[in-house]
Amino acid sequence: MASVTLRNVAKRYDETEVLRNVNLDINDGEFVVFVGPSGCGKTTLMRMIAGLEDISAGDLNIDGSRMNDVPPAKRGIAMVFQSYALYPHMTLYDNMAFGLKLAGAKKPEIDAAVKNAAKILHIDHLLDRKPKQLSGGQRQRVAIGRAITRKPKVFLFDEPLSNLDAALRVKMRLEFARLHDELKTTMIYVTHDQVEAMTLADKIVVLSAGNVEQVGSPNRLYHAPANRFVAGFIGSPKMNFLGGVVDSVTTDGVLVRFETGETQRVAVEPGKAKVGDNVTVGIRPEHLHIVGTADYGIAARTMTVESLGDAAYLYAESSVAPDGLIARIPPLDHHDKGTTLKLGATPDHCHLFDSDGRAFERKIVEVRSAA
Ligand SMILES: Nc1ncnc2c1ncn2[C@@H]1O[C@H](COP(=O)(O)OP(=O)(O)OP(=O)(O)O)[C@@H](O)[C@H]1O
C-alpha cells in the first residue's frame with residue numbers, strides 16, 4: 001500500500017499543455033478513479049504516475065519519496081493496460097509468472113504468487129491454457145493476475161473494461177470492487193464511464209481539457225458538483241440546465257425567473273447573487289417532476305417517452321432549456337407527443353450555477369453529510 005501525491009503537476013508536448021496544475025492526494029489503500037471525456041488527459045496523468053511519460057513540471061511523490069526521475073520498474077507500481085498485453089505463445093501460468101521470473105524470483109516463490117493470484121481471480125482451473133483459448137473477461141483477469149503477482153504498492157488500471165460487452169463489464173466491475181476489498185491496495189483506475197467511476201471509487205477525479213474540475217467522493221460529486229461541467233458529467237441521464245435570471249434573493253435561497261415569466265425557487269446560499277444576474281438552474285431527471293398547476297416550474301412540450309421497464313423517461317422541449325429536458329416518470333405513465341406539461345422540482349433538489357458555470361453552495365443536509 002502507498003500514498004500518491006501530485007503537486008502542481010503539468011504535462012506539455014512541445015507547445016501544447018495537455019495537463020495543468022494537477023494537485024492530488026491519494027491515500028493509502030484508496031480506490032481513485034480518473035474520469036472525463038476523451039482527450040481530457042486521464043491516460044497521460046496515469047502514465048506519468050507509472051513513469052511511462054515524463055513530468056513537465058511539478059512533483060510526484062509515492063509514500064513521501066519524489067518519483068519524477070525514478071524509472072518505472074522501481075516505483076512499486078503495476079499497470080494493467082486496456083489491450084491486456086498478454087504473450088500469446090505463453091500459457092496463463094507463464095504469462096502471470098513472467099514479471100517475477102524476470103525479476104529473478106525463485107521457482108517456489110513464483111509458483112505461490114501465481115497460484116494465489118489465480119485463486120483470487122477464480123482462474124486457477126485455466127492455468128495451462130493460452131490467451132486465445134480464453135474469453136475477454138478471462139483475459140482481463142490474467143492481465144490483472146500478472147499485476148497481482150508482482151505485489152505492487154499501487155495498481156494502475158487504464159480503461160480495463162472497455163473491450164468487454166455490457167453484461168461482462170457489469171460483472172467485472174463487481175470483481176474490481178471485490179479485488180480492492182480483498183487486497184486493500186491503492187488503486188488508480190481510468191475510465192470515461194461515469195457509472196464505473198460512481199460505483200467503484202472512494203474518490204473521483206473529474207478532468208476536462210487538461211484541468212482537474214473536482215476531486216471528491218461519488219456522493220459529493222452527485223450532490224454538490226463544483227461546476228456545470230461536473231454536474232453535467234456525473235449522473236445519468238444528464239442533469240437538465242435551464243437558463244434564467246435572479247428575480248429575488250431571500251434567506252431561503254434564490255428565485256430564478258425564466259424568459260417565459262415562469263419561476264423556480266432554488267435552495268442555495270445566495271453568496272454574491274444579485275437581482276438580474278444570469279444564472280442556470282440544474283435539475284437532475286430523477287428530481288424533475290410534472291408539477292401540474294403549481295406556481296413554479298416551466299411549461300414544456302412532450303417529445304417522447306422512453307420506457308426502461310422499471311422506470312420511464314419523458315423527453316420534452318422548452319425555450320429555456322436549449323439541450324431539452326428529461327424527467328423520470330412512473331413506468332406506466334403515458335403522455336402523447338406534443339402535450340404541454342408543467343415540469344419543476346422542489347427547491348432543495350435544484351442546483352444553481354453562475355454565468356461562469358460555478359456552483360452556488362446548496363443548503364440541503366445531504367450535501368453536508370456527503371464526505
Ligand atoms: N505523444 C503525444 N504527443 C502530443 N499530444 C499527445 C500525445 N499523447 C497524448 N496527447 C494529447 O494529450 C491529450 C490527452 O490525451 P490522453 O490520452 O491523456 O486523454 P484521455 O483522457 O486518456 O483520452 P481517451 O479517453 O480518449 O483515452 C489529448 O489531446 C492528446 O491528443
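A polar side-chain atom of T43 lies 2.6 Å from an oxygen atom of the ligand. This pair is a polar contact, defined as N or O atoms within 3.5 Å; within protein, one atom must be able to donate a hydrogen and the other to accept it, and residues adjacent in sequence count only if both atoms are side-chain atoms. The model is predicted: local features need pLDDT of at least 70, side-chain atom pairs count only at pLDDT 80 or more, and totals for chains, interfaces and linings use all residues. Residues are numbered from 1 along each chain as its sequence is written, and side-chain values use heavy atoms, with hydrogens and water left out.

| Residue | Protein atom | Distance to a ligand oxygen atom |
|---|---|---|
| G41 | polar backbone atom | 3.0 Å |
| K42 | side-chain N or O atom | 2.8 Å |
| T43 | polar side-chain atom | 2.6 Å |

The surroundings of the ligand (residues with a heavy atom within 4 Å of it) consist of Y13, V18, P37, S38, G39, C40, G41, K42, T43, T44 and E159.

The protein chain is divided into domain 1 (4-228) and domain 2 (237-360), with bounds that come from an automatic or database domain assignment. Their C-alpha centres lie 38 Å apart. In contact (heavy atoms within 4.5 Å) are 7 residues of domain 1 and 10 residues of domain 2. About 700 Å² is buried between the domains, 53% of it from carbon and sulfur atoms; buried area is the accessible area (1.4 Å probe) that two parts lose on being put together, summed over both. Of the area that domain 1 buries against domain 2, Y222, P225 and R228 supply 80%, more than any other three residues.

Across this interface the rule finds 0 salt bridges, a salt bridge being a side-chain nitrogen of Lys or Arg within 4 Å of a carboxyl oxygen of Asp or Glu. It finds 5 residue pairs in polar contact, both residues at pLDDT 80 or more. Helix α7 (residues 218-223) gives the most to the domain 1 side, with 3 residues. Helices (H or I, at least four residues) and strands (E, at least two) are DSSP runs, numbered from the N terminus.

Two backbone features fall in loops. S236 and P237 are joined by a cis peptide bond with omega of about -10°, and P237 lies in the loop between α8 (228-233) and β11 (240-250). D14, not a glycine, has a positive phi of about 50°; D14 is in the loop between β1 (4-13) and β2 (16-26).
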